[in-house]
Amino acid sequence: MSIYLDHAATTPLRREALEAMLPLLTEDFGNPSSVHGPGRRARAALDEARERTAAALKAEPREIVFTSGGTEAINLALKGIAWAGKAKGNRLVTSAVEHHAVLHTLRHLEKFGFEIVVLPVDRYGRVDPDQLDAAITDKTTLVSLMLANNEVGTIQPMADLIRRIRAHRGVAIHVDAVQAAPYMAIDVRDLDVDLLSIAAHKFEGPKGTGALYLRHGTILLPQIQGGTQERYRRAGTENVAGAVGMAVALELAVAERGDVAPRLAKLRDRLRDAVLALPNVELTGHPRKRLPGHLSVIARESDGAAVVMNLDLVGIACSTGSACTTGSTDPSHVLTALGYPEEEARGSTRLTLGRTTTETEIERAVELIPQTIANMRAAAVVVASDPLGEQVGA
Ligand code: PLP
């Protein structure tokens, strides 16, 4: 069995979530809009999932819109607010380190006349509150920022940033909490946000299920037209089993967070120390204000994709920057925004732990990862000194 260190990409579905989902895929398969018994049972399960999801975020049930994942929740938030507010203004503000679900959605809106302001970040990936403040004008209708970054794990100083946005009137705040949700306490009232996105597969729920928190009274233009589901905000027959699996997984993640987060931080630190003991390896992202199970490094003189492939060969599953950009030869937009030159922005390795990661796995990773990188570097030196292999066996 390989050691799975890619929990920022996705997590396994936890048993409790699967068991809660199974009846809704089999005997209780009804459509929640149907009036008969099976339909009513599905409706009751969906209502309960909404209540439990809302409670975990300290929201009201009517403020939860179920979606097909983080990307759809973000699309609904950004496009929904942008179009609903078009008469007031066309300026939308975000940061350079957002997930492509945010950046590409905003680039799409740009084609329709919206002005997109992308704020720079510091060496760790944090937005400067003064720069944010200065970017907001009376034409700004939306600011979208992530609570924690998927590639480098940095946690934004969100309370400070939101305070600065709130000094301006009429600006909706969307927070991408997709990576933060498993590990950080999320209270939408305390955070003082209008919209917040989560995705179940990051906290051991099913893939293809997410939710958008939409503060009651926030006006948004729905993006999927059809039936009356989700209070007209997202048409289409609901993924009842998905919503139930997400609610169960989220509730458990919230209940276990107090134990899981410090345990992961300790294991991550052990791995970090072992990897950083190699020469020419640098931690990316903030050294302390980062997600507990998140380690991201640049191993100079080693190509990130090659490190990931070599680690796979020794039984460790991890990734370069982000799973969604794997296969692309472009340098990471996150590392570029942090100020890394292009060749280094291609060379990163991300190792992300999750609730199911064990101490034994990390002990093994502590041996294998530095050894693999050291072997690759040694092999590269041999190849550089004898590119045609003429000395081999001579
Ligand atoms: N936002 C962040 C920060 C993410 O890490 C991801 C997924 O990796 C998403 C959004 C997109 O979520 P989904 O994969 O559920 O569409």
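What covers the buried residues of H6? The cover includes helix H5 (129-135), strand S5 (140-146), strand S6 (172-176) and helix H7 (188-191). This is a predicted model: local features need pLDDT of at least 70, side-chain atom pairs count only at pLDDT 80 or more, and totals for chains, interfaces and linings use all residues. Residues are numbered from 1 along each chain as its sequence is written, and side-chain values use heavy atoms, without hydrogens and water.

**Helix H6**
- H6 spans residues 158-166. Helices (H or I, at least four residues) and strands (E, at least two) are DSSP runs, numbered from the N terminus.
- Its buried residues are Met158, Leu161, Ile162 and Ile165. Buried means under 20% relative accessible area, exposed over 50%, partly exposed in between (1.4 Å probe, protein chains only).
- Seen down the axis of H6, these buried residues fall within an arc of 95°, so they line one face. The arc is that of the directions from the helix axis to the C-beta atoms.
- Exposed Ala159 and Arg163 sit on the face turned away from the buried side.

**Nonpolar cores**
- The largest nonpolar core has 95 residues. Such a core is a set of buried Ala, Val, Leu, Ile, Met, Phe, Trp, Tyr and Cys residues joined through side-chain atoms within 4.5 Å.
- Helix H8 (residues 240-276) gives the most to this core, with 15 residues.
- Leu132 is among the residues that touch the most other members. Beyond its neighbours within four places in sequence, its contacts (heavy atoms within 4.5 Å) include Leu161 and Ile165.

**Leu221**
- Leu221 lies in the loop between strand S8 (210-214) and H8.
- Leu221 is partly exposed, with a relative accessible area of 43%.
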